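Please read this short report with the model open beside it. It moves from the overall fold to single helices, then to the core and the disulfides.

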Amino acid sequence: MARLLLLVAILAAAMLRASSDTHSDCGIAQTAFGECVPYVTGKDPSLSDQCCSGVKDIKELTPTVDDRRAICACLLQELKDAGGSVDSSKASGLAGACSVSTNVIPTSLSFDCSK
């Protein structure tokens, strides 16, 4: 009986871990946005198809306000880690240039993701 309870506890913990996707979604979003970082930081003058594909993937990860806030914070941290500055006109026009309707892309290093 004790083994059965231990097994149930282990399975419950595994299910709980699998259901809290914030960290994995953050990693997915950062990987997808990684294709855009050179563009929004001004290191690459042209927008790539891979970046736009990443922006579309990010939109799919952010169906709720809480998701958007969390993913925005992840992307903002990625931009800060990249160093340098953000070209706010490129960042603010990124979603539109990729034909994606989203407001999750930070447009500056001081962007407020809570809004």
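Helices, which are DSSP runs of H or I with at least four residues, are numbered from the N terminus. With that numbering, α6 is followed by Ser99, whose phi is positive, near 60°. The model described here is a predicted one.

**Overall picture**

The protein chain has six helices and zero strands, so its elements read α-α-α-α-α-α from the N terminus on. Of the 115 residues in the protein chain, 31% are buried. The chain exposes about 7,000 Å², and carbon and sulfur atoms supply 57% of that area. Among contacts with a separation of 6 or more, 75% are between residues 24 or more positions apart.

Which residues of α6 are buried? In this helix, which covers residues 88-97, they are Lys90, Ala91, Leu94 and Ala95. These residues lie on the same side of α6, because they cover an arc of only 135° around the axis. The other side of α6 carries the exposed residues Ser89, Ser92 and Gly96.

Leaving aside neighbours within four places in sequence, Ala97 is in contact with Leu47 and Cys52. Ala97 and Leu47 are 50 residues apart in sequence, yet their C-alpha atoms are 8.4 Å apart in space. In the segment after α6 comes Ser99, which has its positive phi although it is not a glycine. Ser99 counts as exposed because its relative accessibility is 67%, and the cut-off for exposed is over 50%.

In α4, the buried residues are Cys51, Cys52, Gly54, Val55 and Ile58. They cover an arc of only 155° around the axis, which puts them on the same side of α4. The face turned away from this buried side carries Asp49 and Glu60, which are exposed. The twelve residues of α4 should span 16 Å at 1.5 Å a residue, and its end C-alpha atoms are 17 Å apart, which agrees.

Helix α5 has 18 residues and reaches 26 Å from its first C-alpha to its last, close to the 26 Å expected at 1.5 Å a residue. Its buried residues are Ile71, Cys72, Cys74, Leu75, Leu76, Glu78 and Leu79. Apart from neighbours within four places in sequence, Arg69 is in contact with Cys113 and Ser114. Arg69 and Asp112 are 43 residues apart in sequence and 9.1 Å apart in space, C-alpha to C-alpha. After α5 comes Gly83, whose phi is positive, near 75°.

In soluble globular proteins, nonpolar side chains tend to be buried together. In this model, the largest nonpolar core has 25 residues, and those with the most contacts inside it are Phe33, Val40, Val55, Ile58, Leu75 and Leu94. Two or more residues come from each of α2 (22-33), α3 (37-40), α4 (49-60), α5 (65-82) and α6. The largest share, five residues, comes from α5. Beyond residues up to four places away in sequence, Val55 touches Cys36, Leu94, Ala95, Cys98, Val100 and Thr102.

**The disulfides**

A disulfide is a covalent bond between the sulfur atoms of two cysteines. How many disulfides does a search of the whole structure find? The search finds four, and when the bonded cysteines are numbered in sequence order, the pairing is 1-6, 2-3, 4-7, 5-8.

Cys26 is buried, with a relative accessible area of 14%, and Cys74 counts as buried at 11%.

Cys36 and Cys51 are both buried.

Cys52 and Cys98 are both buried.

Definitions and conventions
Residues are numbered from 1 along each chain as its sequence is written. This is a predicted model: local features need pLDDT of at least 70, side-chain atom pairs count only at pLDDT 80 or more; totals for chains, interfaces and linings use all residues. Side-chain values use heavy atoms; hydrogens and water are left out. Buried means under 20% relative accessible area, exposed over 50%, partly exposed in between (1.4 Å probe, protein chains only). Contact means heavy atoms within 4.5 Å. Accessible areas come from the Shrake-Rupley method with a 1.4 Å probe; for residues, only the protein chains shown count as cover. The arc is that of the directions from the helix axis to the C-beta atoms. A nonpolar core is a set of buried Ala, Val, Leu, Ile, Met, Phe, Trp, Tyr and Cys residues joined through side-chain atoms within 4.5 Å. The expected span of a helix is 1.5 Å times one less than its number of residues. A disulfide is a pair of cysteine sulfur atoms within 2.5 Å.
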